[in-house]
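Trainee: I would like to go through this structure with you, side chain by side chain. Could you bring it up?

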Amino acid sequence: MKAVRFHEHGGLDVLRYEEAPDPSPQPGWAVVRVRACALNHLDLWERRGLDRVKLPLPHISGSDVAGEVVSPGASALPAGTRVMLQPGLRCGRCAACAEGRDNHCVEYAVLGLRSDGGYAELIAIPAENLIAIPPHIDFITAAAFPLTFLTAWHMLITRAGLRAGDVVLVLAGGSGVGQAAIQLATHFGARVFATSAPEKADRTAALGAERVFDHYSGDYAKELKRLTDGRGADIVVEHVGEATWERSVRALATGGRLVTCGATTGHAAAIDLRHLFARQLSLLGSYMGRFAELTAAAPLLFDGTLTPVIDRVFPLADTAAAQKHLEQKGQFGKVVLEV
Ligand SMILES: [Zn+2]
């Protein structure tokens with residue numbers, strides 16, 4: 001098969017579009033003909049080399065995949081079924097897996113991190129990871145959906161316990177997770193605010209945010225309190241980290257929950273403990289999500305309630321250009337490879 005691999009870590013020039021061996025599925029696994037694979041920042045970190053994870057080389061990245069079943073393995077879906085893939089891999093045998101807490105599994109991994117991913121014509125995947133998609137959902141859209149919407153669902157619904165009427169502040173609302181969080185919170189009846197770079201503000205608001213604050217300047221915590229009659233945010237969705245942490249904590253209402261899935265500007269954040277106890281705040285960590293959550297979110301993709309934003313599509317052979325486009329940070333929505 002054709003695939004994009006890197007044999008050593010480094011810059012964009014280590015990505016090679018080349019002939020690679022077809023995947024050899026484990027017993028019961030399915031093989032899928034990849035039609036589209038969306039990029040994530042994780043792909044860039046994999047290529048550059050990760051501090052704490054040693055990747056098997058050569059490596060094929062790609063966590064967000066849609067395509068057609070070639071051989072179903074243990075799945076009941078016949079060959080030819082159009083599918084998107086659950087981006088989490090679990091052991092399926094431990095207590096966490098048995099209770100549906102897949103992302104607590106000690107073997108839990110993102111598809112395409114320790115295993116080969118979707119920058120290829122074929123991918124081997126546990127049969128349980130297949131989700132059939134209806135004919136009106138194209139492969140590009142399906143590939144753009146799983147990782148960000150799963151992450152946002154786990155943060156908002158499972159961790160932060162979103163309820164209708166909550167005030168939700170989404171940091172970096174123009175990012176992939178931010179766009180998903182705005183759409184989910186709006187759908188479940190929250191009053192949604194966001195931050196973004198000024199040039200992304202209008203498009204971020206169009207996703208459902210009542211007001212979009214400038215991410216870089218100004219005090220959005222103060223602004224939000226003014227707009228909510230002093231209340232602040234019941235939930236803050238964070239993944240920016242050091243640059244915004246202090247304002248994000250200050251933006252919380254009494255009893256508010258700050259949920260975070262990342263720290264792109266730095267991970268050394270401080271907190272004034274007086275705020276934590278006196279205002280009875282909750283700080284919640286979140287990582288990826290669970291099978292049942294993506295299964296619950298998928299019908300909302302299929303009926304048009306949730307729509308991943310597509311920024312640009314590149315052919316697989318131009319993966320280096322696609323990653324360069326993602327690195328330049330100007331994009332609004334998912335960058336997707338067509339395979
Ligand atoms: Zn497990």
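Mentor: What follows is a conversation about selected side-chain pairs, contacts and surface features.

Trainee: Before we start, what kind of model is it, and what are the ground rules?

Mentor: This is a predicted model, in which local features need pLDDT of at least 70 and side-chain atom pairs count only at pLDDT 80 or more, while totals for chains, interfaces and linings use all residues. Residues are numbered from 1 along each chain as its sequence is written, and side-chain values use heavy atoms, with hydrogens and water left out.

Trainee: Aromatics, then. How many aromatic pairs does a search of the whole structure find?

Mentor: The search finds four aromatic pairs. Rings of Phe, Tyr and Trp (its six-membered ring) pair if their centres lie within 6.5 Å; planes under 30 degrees apart count as stacked, over 60 as edge-to-face and the rest as tilted.

Trainee: Why is the pair of Phe145 and Phe149 called stacked?

Mentor: The ring centres of Phe145 and Phe149 are 4.6 Å apart and the planes stand at 20 degrees, so the pair is stacked. Both Phe145 and Phe149 are buried, where buried means under 20% relative accessible area, exposed over 50% and partly exposed in between (1.4 Å probe, protein chains only).

Trainee: And Trp153 with Phe188, what is the geometry there?

Mentor: Trp153 and Phe188 make an edge-to-face pair, with 5.6 Å from centre to centre and 80 degrees between the planes. Trp153 belongs to helix 4 (residues 146-159) and Phe188 to the loop between helix 5 (176-187) and strand 11 (191-196), so the pair ties together parts that are 35 residues apart in sequence. Helices (H or I, at least four residues) and strands (E, at least two) are DSSP runs, numbered from the N terminus.

Trainee: Is Trp153 buried or exposed?

Mentor: Trp153 counts as buried at 10% relative accessibility, whereas Phe188 is partly exposed at 32%.

Trainee: Switching to charges over rings: which ring does Arg90 lie over?

Mentor: Arg90 lies over the face of Phe291, at 4.1 Å from the ring centre. Arg82 lies over the face of Phe139, at 4.4 Å from the ring centre. The criterion is NZ of Lys or CZ of Arg within 6 Å of the ring centre and within 35 degrees of the ring normal.

Trainee: Staying with Arg90, which residue does Arg90 form a salt bridge with?

Mentor: Arg90 forms a salt bridge with Asp102, the closest N and O atoms being 2.4 Å apart. This pair links distant parts of the chain, with Arg90 in the loop between strand 6 (88-89) and helix 2 (95-98) and Asp102 in the loop between helix 2 and strand 7 (109-110), 12 residues apart. Arg90 is partly exposed at 22% relative accessibility, and Asp102 is buried at 1%. Arg90 also forms a salt bridge with Glu128, with 2.8 Å between the closest N and O atoms. Glu128 sits in the loop between strand 8 (122-126) and strand 9 (130-132), 38 residues from Arg90. A salt bridge here is a side-chain nitrogen of Lys or Arg within 4 Å of a carboxyl oxygen of Asp or Glu.

Trainee: How many salt bridges are found in the whole structure?

Mentor: The search finds 19 salt bridges. Among them, Glu223 and Arg226 meet at 3.2 Å, N to O. Glu223 and Arg226 are three residues apart in helix 7 (residues 220-227), which means that about one helical turn separates them.

Trainee: New topic. Where is Thr204, and what does Thr204 touch?

Mentor: Thr204 is found in helix 6 (residues 201-205) and counts as buried at 0% relative accessibility. Leaving out residues up to four places away in sequence, Thr204 touches Gly173, Gly174, Ile182, Ala194, Ser196, Ala209, Val212 and Phe332. Contact means heavy atoms within 4.5 Å.

Trainee: And what about Gly262, where is that found?

Mentor: Gly262 is found in the loop between strand 14 (252-260) and helix 9, and is partly exposed at 26% relative accessibility. Gly262 and His239 are 23 residues apart in sequence and 4.1 Å apart in space, C-alpha to C-alpha.

Trainee: Lastly, which helix holds Phe277?

Mentor: Phe277 is in helix 9 (residues 273-278) and counts as exposed at 58% relative accessibility.
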